[in-house]
Amino acid sequence: VKRVDARARVVGTPDRASLWMAQTPQVFPAEVVRRAYADESAEGTDDAALVEPLGVEVRMVDAGTENFKVTRPVDVELAEAVLRWRSGER
């Protein structure tokens, strides 16, 4: 994780002790998510970013390394490998 400027030049390295990688799914009570999405001026890259301005406590949960997003063909291959490993088929 690096901090960069507008030209993608590295300008620093943040202290990782307080950084987490946010993953999906992100879970909130339906009423909270509806309120977050009802605000037309709200901006965010994920549900948590939209919920945070509501003043609702948002907590991180360690999901482990096997909870990864499947969006590209290589991700499907990785997911299939994890499933084979879990089933004992090695």
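Reply: Gladly, and please keep in mind throughout that this is a predicted model.

Me: Which residues does alanine 36 touch, not counting residues up to four places away in sequence?

Reply: Alanine 36 is itself one of the residues of the largest nonpolar core, which also includes Leu50 and Val51. With residues up to four places away in sequence set aside, the residues touched by alanine 36 are Ala42, Leu50, Val51 and Leu54.

Me: Is glutamine 26 buried or exposed?

Reply: Glutamine 26 lies in the loop between strand 2 and helix 1. Its relative accessibility is 19%, and because buried means under 20%, glutamine 26 counts as buried.

Me: What is the volume of the largest pocket?

Reply: The largest pocket is lined by 22 residues, of which Gln23, Gln26, Arg59, Met60 and Val61 lie nearest its centre. By class, this lining has twelve nonpolar, five polar and five charged residues. The volume of the largest pocket is about 500 Å³.

Me: How many charged residues are in the lining of the second largest pocket?

Reply: The second largest pocket, with a volume of about 200 Å³, is lined by Met21, Ala22, Gln23, Thr24, Gln26, Asp46, Asn67, Phe68 and Lys69. By class, its lining has three nonpolar and four polar residues, while the number of charged residues is two.

Me: Which backbone nitrogen lies 2.8 Å from a polar atom of the side chain of aspartate 75?

Reply: Aspartate 75 is found in helix 3 (residues 73-86), and at 5% relative accessibility aspartate 75 counts as buried. Leaving aside its neighbours within four places in sequence, aspartate 75 is in contact with Phe68, Lys69 and Val70. The backbone nitrogen at 2.8 Å from a polar atom of its side chain belongs to arginine 72.

Me: What separates the C-alpha atoms of valine 70 and arginine 3?

Reply: Valine 70 is found in the loop between helix 2 and helix 3, and at 44% relative accessibility valine 70 counts as partly exposed. Not counting residues up to four places away in sequence, valine 70 touches Asp75, Val76 and Ala79. Valine 70 and arginine 3 are 67 residues apart along the chain, and their C-alpha atoms are separated by 26 Å.

Me: What is the phi of alanine 8?

Reply: Alanine 8 has its place in the loop between strand 1 (3-4) and strand 2 (10-12), and at 59% relative accessibility alanine 8 counts as exposed. Although alanine 8 is not a glycine, its phi is positive, at about 65°.

Definitions and conventions:
Residues are numbered from 1 along each chain as its sequence is written. This is a predicted model: local features need pLDDT of at least 70, side-chain atom pairs count only at pLDDT 80 or more; totals for chains, interfaces and linings use all residues. Side-chain values use heavy atoms; hydrogens and water are left out. Helices (H or I, at least four residues) and strands (E, at least two) are DSSP runs, numbered from the N terminus. Buried means under 20% relative accessible area, exposed over 50%, partly exposed in between (1.4 Å probe, protein chains only). A polar contact is a pair of N or O atoms within 3.5 Å; within protein, one must be able to donate a hydrogen and the other to accept it, and residues adjacent in sequence count only if both atoms are side-chain atoms. Contact means heavy atoms within 4.5 Å. A nonpolar core is a set of buried Ala, Val, Leu, Ile, Met, Phe, Trp, Tyr and Cys residues joined through side-chain atoms within 4.5 Å. On a 1 Å grid over the protein atoms alone, a cavity is a set of points where a 1.4 Å probe fits but cannot get out, and a pocket is an open set with protein on both sides within 12 Å along at least five of seven lines; lining residues have an atom within 4 Å of a point. Grid points are joined across faces, edges and corners, and a volume is the space filled by probe spheres set on the points. Ala, Val, Leu, Ile, Met, Phe, Trp, Tyr, Cys and Pro count as nonpolar, Asp, Glu, Lys and Arg as charged, and the others, Gly among them, as polar.
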